[in-house]
Amino acid sequence: MDIRSFTANDIAQCAKDFIPTFNSPPWNEGRSIARAEEYITDTFNHPNFIGFIMTDGSKNVAYAMCYKRYWWSESDKYQLYVELFFVCADSQHKGYGSALMNHMIDYAKQHDMRSLVLLTKKGLECYDFYHAKEFADIDSLVFMSRKVE
């Protein structure tokens, strides 16, 4: 297992790995390669982008796309905001996610980031994974959305 930085050259492969992971249960997103590439490219182009790829041999097995975010609280001045984190569909339940998450935690500590934050769906295996990694629900915050039609 190795972990390296995510580069622009990784966008196309990440999109290819994204599709079988997120177009299958429990997500069932139905995205196209083009849409996945657009999402991944947009995330990569964030000015404070930080990304990692875990490999096993010559195969990519997990991805993390994040950015360093300034937060208003002095005690939590910087956060590592996790935009996309996934283990490839055929590589799940082998410890890759835990190892990559531990790497991200170490990275955040070394770069003066006091927390990792992310959004996920409740009631799914990934929600349980994040809880096991000591992520907690924040009862005072609600993620809200409104359609514009």
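Predicted model: local features only at pLDDT ≥ 70, side-chain atom pairs only at ≥ 80, totals over all residues.
Residues are numbered from 1 along each chain as its sequence is written, and side-chain values use heavy atoms, with hydrogens and water left out.

Let's begin with the strands. I call two strands paired if DSSP finds at least two bridges between them. Strand S1, residues 2-5, runs antiparallel to S2 over 4 bridges, and there Asp2 has Thr55 as its bridge partner. On to the next pairing: S2 and strand S3, residues 59-70, are antiparallel as well, with 8 bridges. Here Gly51 is bridged to Met65. The hairpin of S2 and S3 has 2 residues between the strands, and Gly57 in that hairpin has a positive phi near 70 degrees.

Is strand S2 enclosed or open? Of its 8 residues, 49-56, 7 are buried, so S2 is largely enclosed by the rest of the structure. Buried, by the way, means under 20% relative accessible area, exposed means over 50%, and partly exposed is in between, using a 1.4 Å probe and protein chains only.

Now please find helix H3, residues 96-110. Its 15 residues reach 21 Å from first C-alpha to last, close to the 21 Å expected at 1.5 Å a residue; that expected span is 1.5 Å times one less than the number of residues. Which residues of H3 are buried? They are Tyr96, Gly97, Leu100, Met101, Met104, Tyr107 and Ala108. Looking down the axis of H3, you'd see these buried residues fall within an arc of 125 degrees, so they line one face of the helix. The arc is taken from the directions from the helix axis to the C-beta atoms. On the face turned away from the buried side, H3 carries the exposed residues Lys109 and Gln110. The cover over the buried residues of H3 includes S1, S2, S3, strand S4 (78-87), strand S5 (115-118) and helix H4 (125-132).

Leu116 lies in strand S5 and, at 16% relative accessibility, counts as buried. Leaving out neighbours within four places in sequence, Leu116 is in contact, meaning heavy atoms within 4.5 Å, with Leu80, Val82, Met101, Met104, Ile105, Ala108 and Phe135. Val82, in strand S4, is buried too, at 4% relative accessibility. Besides Leu116, the residues Val82 touches include Met65, Cys66 and Met104, not counting those up to four places away in sequence.

Next, the aromatic rings. How many aromatic pairs does the structure hold? There are 17. Rings of Phe, Tyr and Trp (its six-membered ring) pair if their centres lie within 6.5 Å; planes under 30 degrees apart count as stacked, over 60 as edge-to-face and the rest as tilted. The ring centres of Phe6 and Phe49 are 5.8 Å apart with planes at 70 degrees, so this pair is edge-to-face. It links distant parts of the chain, 43 residues apart: Phe6 is in the loop between S1 and helix H1 (11-22), and Phe49 is in strand S2. Phe6 is buried at 5% relative accessibility, and Phe49 is buried at 17%. Phe6, Phe18, Phe22, Trp27, Tyr39, Phe44, Phe49, Tyr63 and Phe86 form one aromatic cluster.

Most residues other than glycine have a negative phi, and most peptide bonds are trans. Yet a cis peptide bond joins Pro25 and Pro26, with omega about 5 degrees; Pro26 sits in the loop between H1 and helix H2 (33-44). His93 has a positive phi near 65 degrees, lies in the loop between S4 and H3, and is exposed at 64% relative accessible area. And back to Asp112: its phi is positive, near 60 degrees, and the residue is partly exposed, with a relative accessible area of 41%.
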